[in-house]
Amino acid sequence: MSLEYQLQKFPKQVTLPDGFKCTLRPLKKEDERTFHEFFSAIPEPERMFIKHRVTDPAVIKDWCHNIDYGRNLPLLALADGQIVGDATLHQQLGGWKRHVGRVSVLVHPKFRGHGLGRLLVEEIVDIARNLGLERAEAEFLGEQEAGMKLFAMVGFSHLFRLEDHVKDMQANNHDYVLMAMNLKTDEEYASAG
């Protein structure tokens, strides 16, 4: 299915099992201020694990003013006008990983425990599958046990762990963990053969 078709289902109102309600929709240019506020609310120790300097307003401005959903599709969760979660599907439109989407997720600390992270990962994986991607992957630093557990509950499995392979924003070494899941069903594989 086309990306345009996938985007037609948003904005989408959702209610989580505990009654928490939010709206899911892709990032817009107008979200610059609230997107920066969202990242600024993430505790410093957690921000060290993010690949980009998300407290730098120029980084967020670039993301919001140069949106390309085909390459990076940030799916936001909003409650009362505040961004409370973000799951992003990162794609390479050509090359040897064009069939693989990378998934990342982050939930505002005050809104954790509702199942929002799982919902966002499930939504973004569903979009990836409907776009025809065959695999989804997620990258972690070794200490991100809660994130790895969340992705495992959705169906991702550990591919490998490389000791002291990456550095955080403070230049500290960490293990690198790659998890992935197949998006094609057995029926799709059978018909492709």
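The structure is a predicted model, in which local features need pLDDT of at least 70 and side-chain atom pairs count only at pLDDT 80 or more, while totals for chains, interfaces and linings use all residues. Residues are numbered from 1 along each chain as its sequence is written, and side-chain values use heavy atoms, with hydrogens and water left out.

The protein has seven helices and eight strands, taken as DSSP runs numbered from the N terminus (helices H or I, at least four residues; strands E, at least two). Its radius of gyration is close to the value from the globule rule, so the protein is as compact as a globular protein of 193 residues; the radius is taken over C-alpha atoms, and the rule is 2.2 Å times the number of residues to the power 0.38.

| Quantity | Value |
|---|---|
| Radius of gyration | 17 Å |
| C-alpha spans along the principal axes | about 50 × 40 × 35 Å |

Buried residues (under 20% relative accessible area, 1.4 Å probe, protein chains only) make up 41% of the 193 residues.

A nonpolar core is a set of buried Ala, Val, Leu, Ile, Met, Phe, Trp, Tyr and Cys residues joined through side-chain atoms within 4.5 Å. The largest such core holds 38 residues, of which Leu24, Leu116, Ile124, Phe151 and Phe156 touch the most other members. The helix α5 (116–130) is among the elements that each supply at least two residues of this core, and α5 gives the most, with eight residues. A second, separate core of 13 residues includes Phe38, Phe39, Ile42 and Ile50.

How values were computed: Buried means under 20% relative accessible area, exposed over 50%, partly exposed in between (1.4 Å probe, protein chains only).
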